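Here is a friendly walk through one model, with charges, patches and a few local details along the way. Please keep the viewer open as you read.

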Amino acid sequence: MNPPNFDSPIQNLRKLTSDLRSPEGCPWDKEQTHLSVIPHLLEETYEVVDTIERGDDNHLKEELGDLLFQITFHSQLAEERGAFSFDDVANDVFQKLVYRHPHVYGNKEGIGTGEQVLTQWDELKQKEKEKKGFVDSDSSILSGIPKALPAIQRSEKIQSKVTKQGFDWPNVKGVFQKFQEEIQELDTELQKQGSLTSKKLPYDERIEDELGDIFFLLVNLSRKLSIDPETCLRRANEKFETRFRVLEGYVAKTGKSMKDHSLEKLDKFWDMAKDNLRKKI
């Protein structure tokens, strides 16, 4: 079988995907289903995010290609069972985006800010569902938020929805006061375990509930501070990893393993790493 050689790169990719799924194609690809390739779809998505955050255009191009292949693959699976095709996917999103941007492709009056665009987007989205006859038995404003979303992202969407209905603290101070209240409630539950000096406490559902409330409030606080919580946590992870790698370098120079050093000594290495990295900024 010769590789596709059309004038269009998209045509080549679609034909390649079809070839992989053909009787003469790849044994692995022929075994796959929508469900079985979900991990690969998620992995490719996060790899795209990683290259964007690193500002790596060469790898971004590559990772976007990998993500595009995931879309063509799912479209191929759907076409094989007569559900829809890649063209249907492309046309649907084209028509949807034209409809939801009347301020670009229609009446440009009354829309001057990003917030107004988002409000209009939600209104048009609802009208679109009604027009297509999508009747949801769940009348809650929270319906339609995918349960498969990462917890932080889903929490953010939930809070964004209820905020538009006026169910939210009026300012940052209210969230911060509630956060301190929740910290105290967690402390109370921890005290019931007998000690806060234990290295690790046994699982307790009440403690999990209180800790969950704190995570939820942190997402709310992030939103009020105009900070994306997922990006914020990723940056914190990256900062910790960078400092820890420098700390490992200091430990290696001693000729001893990390476990051979006291926590006090490791803390000094940590402070040295922080100072060293600050000088490089």
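## A buried charge pair

Glu128 is buried, its relative accessibility being 11% (buried means under 20% relative accessible area, exposed over 50%, and partly exposed in between, with a 1.4 Å probe and protein chains only). What does the side chain of Glu128 meet in a salt bridge? The partner is Arg100, at 2.6 Å from N to O; a salt bridge here is a side-chain nitrogen of Lys or Arg within 4 Å of a carboxyl oxygen of Asp or Glu. This pair links distant parts of the chain, with Glu128 in helix α7 and Arg100 in the loop between α5 (86-99) and α6 (102-105), 28 residues apart. Arg100 is buried too, with a relative accessible area of 7%. Helices in this report are DSSP runs (H or I, at least four residues), numbered from the N terminus.

A word on the source: this is a predicted model, where local features need pLDDT of at least 70 and side-chain atom pairs count only at pLDDT 80 or more, while totals for chains, interfaces and linings use all residues. Residues are numbered from 1 along each chain as its sequence is written, and side-chain values use heavy atoms, with hydrogens and water left out.

How many salt bridges does the structure hold? The count is 18.

Lys164 sits in the loop between α8 and α9 (172-192) and Asp122 in helix α7, so distant parts of the chain, 42 residues apart, are linked. Both ends are partly exposed: Lys164 has 49% relative accessibility, and Asp122 has 31%.

Because Arg206 lies in helix α10 (residues 205-224) and Glu189 in helix α9, the pair ties together parts that are 17 residues apart in sequence. Glu189 is buried at 12% relative accessible area, whereas Arg206 is partly exposed at 45%. The two belong to a network of salt bridges that links Glu189, Lys192, Asp204 and Arg206.

Which residues form the positive surface patch? They are Lys96, Lys125, Lys129, Lys132, Lys157 and Lys161. Two elements, α7 (114-131) and α8 (151-163), each give two or more residues to this patch. Lys161 belongs to helix α8 and is partly exposed, with 32% relative accessibility. Patch members have over 30% relative accessible area and no salt bridge; like charges are joined within 9 Å, and nonpolar side chains (Val, Leu, Ile, Met, Phe, Trp, Tyr) within 5 Å. Lys and Arg count as positive and Asp and Glu as negative, with His and the chain ends not counted; each charge is placed at NZ of Lys, CZ of Arg, CG of Asp or CD of Glu.

A negative surface patch is made up of Glu205, Glu208, Asp209 and Asp213. Asp213 is in helix α10 and is partly exposed at 34% relative accessibility.

Ile38 is part of helix α3 (residues 38-54) and is partly exposed at 35% relative accessibility.

## Details in the loops

His261 lies in the loop between α11 (229-254) and α12 (263-280). Is His261 buried or exposed? His261 is buried, at 14% relative accessible area. The side chains of His261 and Thr254 are joined by a polar contact of 3.0 Å (a pair of N or O atoms within 3.5 Å; within protein, one must be able to donate a hydrogen and the other to accept it, and residues adjacent in sequence count only if both atoms are side-chain atoms).

Most residues other than glycine have a negative phi. Ser226 is not a glycine, yet has a positive phi of about 60 degrees. Ser226 is in the loop between α10 and α11 and is exposed, with 71% relative accessibility.

Glu24, in the loop between α1 (9-21) and α2 (27-31), is exposed at 61% relative accessibility. The C-alpha atoms of Glu24 and Leu263 are separated by 60 Å, and the two residues are 239 residues apart along the chain.

Technical notes
Accessible areas come from the Shrake-Rupley method with a 1.4 Å probe; for residues, only the protein chains shown count as cover.
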